[in-house]
Each structure stands twice: as C-alpha cells, then as structure tokens.
Amino acid sequence: MVNIVTPQRRPFVVASIMLATFMAAIEGTIVATAMPSIVGQLGGFTYYSWVFSAFLLAQATTTVIYGKLADLFGRKPTLITGIVLLLIGSLLCGFAWSMSSLIAFRLLQGLGAGAIFPITATVIGDLYKLEERGRVQGMMASVWGISAVLGPLAGGLIVDHFSWAWIFWINLPIGALAITGLALFLAEAVESHRARIDYLGATLFCVSIGSLLLLLTETDAGFRSLLALAAVFLATGAWFLVHERRAPEPIVSIELWARRLVATSNASTLLAGMALIGLTTVLPIYVQGVLGRSPIVAGFTLTSLVIGWPLAVMQSGRLYRAFGIRQTLRIGSAVFPIGAGFLLFLTPQSHPALAAAGSFLMGSGMGLMSVTSIALVQESVEWSMRGSATASLLFARSLGSTIGATAVGAVLNIGVAHFGSGVLAADVHKLLNEPTGLTQLSTNPTLRSIFDHAIRWSFLGVAVLATLTLAATWLIPVASRSEDDAQLAAANTVSRRAERNIDTAA
C-alpha cells in the first residue's frame with residue numbers, strides 16, 4: 001500500500017482530516033452544555049452519565065480495530081466508513097425519543113469516532129517527512145483547543161435559539177465536507193489481496209476492554225456487578241490473548257505490541273494519560289473551591305494546557321534537528337513532571353497564574369511526548385503495520401485517561417474522609433453536588449481547608465504519575481545522534497523518491 005498524493009493536494013487532505021477531527025473532538029464539550037435541556041425533555045436523569053460513557057466506551061474499544069482495518073484495506077475507505085457511522089449516529093441522536101434511544105445512538109457515534117483519531121494520525125505519518133510532521137500535528141492539536149473553546153459556547157447558543165437536536169445535526173455538513181475532501185484528494189494504491197478479518201478477535205477485544213472500562217468507571221455499582229465485570233474481563237481477555245497468537249490475521253498483533261519500542265512507548269503514554277486527566281479533573285475545582293475564583297478563571301488555567309500542547313508540537317521539528325528524536329522525547333518527559341511540581345506549591349493564597357503555569361508546562365511536555373512517540377513508533381514499523389502501531393498509542397492514552405480519572409476521584413474522596421470528620425466530610429460532599437457548591441465551599445474556612453488538603457493528595461498523585469512517565473520514557477530504546485540523523489535522512493530519501501514517482505506518474 002502506498003500513498004500517491006501529490007504535494008499540491010496535501011493541504012486539502014489535511015483540511016479534510018482537521019474537519020473530521022474537529023467533529024469528533026467537539027462532541028464531548030458541545031453535548032455537555034446541552035444535556036440539562038435534553039434531560040428536561042427526554043427525562044431519564046439516572047442515565048445522564050451514560051450519554052457520555054456510551055460514546056467514550058465505543059470510541060476507546062474500536063480504536064485498535066480501526067488501526068488494523070486501515071492497514072488491511074487502506075486509510076481512505078476505513079476513515080470514510082468511520083465518519084459515515086458517526087454521521088448516521090448524529091442524525092439519529094437528533095431524533096431520539098428517550099434517554100435509552102439517545103444512549104444507543106451515542107454508542108453508534110462512538111463506533112464511528114473510533115476511526116478518526118488513529119487514522120488521521122496515520123495519514124499524517126504517511127504523507128509527511130519526519131521533521132515536517134510537528135507542524136502538521138501542531139495544527140491538528142490546535143483543533144482540540146478550538147473545540148474546547150467553541151464547544152460550550154456553540155452548545156449554549158444552539159439550546160437557547162434552536163432545538164437541542166442541532167448539537168448533533170451540526171456534524172452533518174462538517175462530515176460531508178470531510179468526506180468530499182478525502183474522496184477527491186486522498187489517493188492510495190492498495191495491494192489487492194484477500195484479507196481475513198479476525199471477527200472473533202475483534203469481538204473478544206471489545207467485550208474485554210468494554211468490561212474493563214465499565215469496571216473502572218461504574219465504581220458505584222454493587223459488589224456483584226463489579227465482580228461479574230471483573231470475571232468477564234479476565235475470561236474474555238485470556239481467550240483473546242490465546243486466540244490472537246493463533247489467528248492468521250490477528251486484529252491486535254501481540255508481536256508488535258511486545259516490541260520494546262512499542263511497549264515502552266505505550267507504557268509512558270498510558271502513565272501520561274493518567275497524569276493529564278488527573279490535572280484536568282481536579283485543577284478547575286481547586287481554583288474555584290479553594291482559590292475562590294470564577295469558573296471562567298478556572299477554565300483559563302486549563303486553556304493554558306491547550307495552548308502549550310500545540311505550541312510544543314509545532315516546535316518539535318526544530319528540536320529533532322537540534323537534539324535528535326529521542327532526546328526531544330526526553331525533554332518533553334522532563335518538562336511534564338516539572339509542570340506537575342508547580343501544583344504542589346499551590347495554597348489557598350496562590351494566584352491562579354501559578355496553576356496556569358504548571359498546566360502550560362504539562363501541556364507542553366505532553367505535546368512533545370505525544371508527537372515524538374507517534375513519530376518513533378511509526379518509523380519503527382513497515383507501512384502495513386503503521387495504522388496498528390499508531391492506534392496502540394492512542395488506545396494507551398485513552399485507557400490511561402479512564403484509569404486516571406477513577407484513581408484521582410478515589411484519592412480525592414479518601415482525602416476528604418481523612419481530613420474531615422464524618423459530618424464535615426459529608427458537608428463537603430453535599431456542597432460538591434450543588435450547582436453553587438464550590439462558591440460556598442470557598443467561603444467556609446473549615447470546609448475549604450479540608451478540601452485543600454484532600455486535593456493536595458490528588459496533586460501529589462499527579463506528580464508521582466508524571467515522574468513515572470519520565471522514568472518510563474527513559475526505558476524507550478535510544479539511538480545515537482548519528483543513528484537519529486541516519487533515520488531522518490533515510491525517511492526523507494524515501495519521501496523524496498515517492499514524490500518523484502508521483503510527479504512522473506502525473
């Protein structure tokens with residue numbers, strides 16, 4: 001399989017995959033704003049969280065599968081298929097008549113969205129030279145920042161002036177443009193061979209990972225339910241591993257995931273995902289509940305993370321040339337815990353700028369680690385395994401976010417119970433469940449002190465995870481600077497040769 005995209009067509013391909021990425025990225029923020037209105041019309045408040053969980057579960061469990069399908073059948077048809085599924089789900093969500101139907105259609109959306117992130121990253125790896133990818137990946141990362149800002153605003157405007165159904169239907173024109181651009185400008189020459197899809201492996205993987213994610217997120221479920229989920233996870237997981245070792249075309253290549261470069265990159269990405277979700281989970285409530293600042297100020301402290309990420313990604317090409325690929329990865333992994341260290345110095349008298357600085361550094365470190373890990377893994381495998389390798393990293397980050405959110409929430413609850421007596425701890429939890437509870441919490445010195453000390457445990461956990469990320473990054477196999485330069489030169493030679501072949505064919 002080879003891409004035959006001319007340099008003149010590449011900007012149109014990038015624009016198309018940016019539209020697809022924006023469509024999937026904005027889903028979380030735009031829906032969150034509109035959910036109170038949706039629940040008001042459809043009822044079923046007890047299923048509120050499942051509107052989000054269904055989408056995220058389906059997206060996380062299908063990421064790896066889409067990576068494999070992109071290797072088998074090509075990036076273009078697989079990505080377009082995912083977009084079409086997301087659009088069908090979006091259309092049906094707008095016609096939902098109950099919370100149960102909305103959850104089912106959100107599940108369909110997630111099944112489509114699972115294709116977008118791994119395949120768009122793979123397409124960039126296919127089209128651009130190693131030192132050029134930072135600029136393009138930075139543009140892609142900025143899409144997340146834009147969606148984080150526009151999502152709540154767009155959701156609020158749509159709910160105020162139109163039917164809530166349009167928060168889903170707005171995807172239709174965006175998706176149509178993305179599909180048109182991909183159909184017109186992304187050209188591939190795929191080797192014709194009879195591919196055998198590992199249906200059993202895909203099913204076992206989805207059931208196993210789905211049960212694991214439910215086990216981690218539905219912690220309030222009864223003991224029997226959690227025990228049943230754990231049993232399903234262990235049984236299907238063991239069956240999956242045995243089956244994949246025997247399958248002629250495994251949906252997950254155990255041999256690929258066992259390679260030291262891939263395994264250590266996935267481990268560091270998982271830990272980084274845990275740390276980052278810890279930051280985004282507790283920092284806003286600390287700024288509001290302890291520092292006594294407004295939700296807007298709390299939002300700005302996280303906006304600095306969104307700014308730092310794409311800025312660092314855009315500079316990665318220069319850092320590759322100056323320090324080498326793997327040293328750039330280590331620079332990012334060192335900046336990451338430094339940013340987390342800023343959180344340990346926060347006090348009730350601190351200025352929010354201190355929190356924003358730590359957030360910016362963590363975002364910068366994560367940006368460098370993310371783009372460099374993807375580049376390293378993509379360059380370490382042949383073309384026919386690039387989609388699977390890229391998807392493994394994105395799956396590791398998604399799994400890390402799920403585990404991290406659960407762990408940080410547990411640490412916070414333990415901290416509240418430890419620093420407050422039974423009555424005071426109950427008072428803190430009561431305020432946290434009220435719309436204006438964080439404001440009331442910040443004006444009560446006793447409760448604020450309990451909350452401050454409890455969140456410090458969470459901040460410490462984030463710092464520990466960031467430090468473990470640094471340690472895991474140093475386990476990634478390191479080449480000498482001359483080997484890095486040789487790798488860059490070889491990759492660029494292949495790219496230039498492909499471009500000459502494209503020009504000759506044209």
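Contact here means heavy atoms within 4.5 Å. With that in hand, here's a walk through the structure, a predicted model in which local features need pLDDT of at least 70, side-chain atom pairs count only at pLDDT 80 or more, and totals for chains, interfaces and linings use all residues. Residues are numbered from 1 along each chain as its sequence is written, and side-chain values use heavy atoms, with hydrogens and water left out.

Let's start with serine 265. Leaving aside neighbours within four places in sequence, serine 265 touches Val377, Leu393 and Ile476. Serine 265 sits in helix H12 and is buried, at a relative accessible area of 0%. (Buried means under 20% relative accessible area, with a 1.4 Å probe and protein chains only.)

Zooming out, the protein chain has 20 helices and two strands; these are DSSP runs numbered from the N terminus, with helices being H or I of at least four residues and strands E of at least two. Of its 506 residues, 53% count as buried. The chain exposes about 21400 Å², and carbon and sulfur atoms supply 68% of that; areas come from the Shrake-Rupley method with a 1.4 Å probe. Take the contacts between residues at least 6 apart in sequence: 82% of them join residues at least 24 apart.

Now for two helix pairs. Axes are lines fitted to C-alpha atoms over the stretch in contact, and angles run from 0 to 180 degrees between N-to-C directions.

| Helix pair | Angle | Axis distance |
|---|---|---|
| H12 (residues 260–289) and H13 (residues 295–323) | about 150° | 7 Å |
| H3 (residues 75–94) and H5 (residues 116–127) | about 150° | 10 Å |

That angle makes H12 roughly antiparallel to H13, a label for angles over 145 degrees. On the H12 side, the contact uses Leu276, Leu279, Thr280, Leu283, Pro284, Val287 and Gln288, while H13 brings residues including Leu302, Leu305 and Trp309. By class, this contact has eleven nonpolar, three polar and no charged residues. (Ala, Val, Leu, Ile, Met, Phe, Trp, Tyr, Cys and Pro count as nonpolar, Asp, Glu, Lys and Arg as charged, and the others, Gly among them, as polar.)

H3 is likewise roughly antiparallel to H5, but H3 passes H5 in a left-handed crossing. Here Arg75, Thr78, Leu79, Ile83 and Leu86 of H3 meet H5 residues, among them Ile116, Val123 and Asp126. The contact of H3 with H5 divides into six nonpolar, three polar and two charged residues.

Note on methods
Parallel < 35°, antiparallel > 145°, perpendicular 65-115°, else oblique. Buried < 20%, exposed > 50% of the residue type's maximum accessible area, 1.4 Å probe, protein only. Left-handed = near helix turned anticlockwise from the far one by under 90°.
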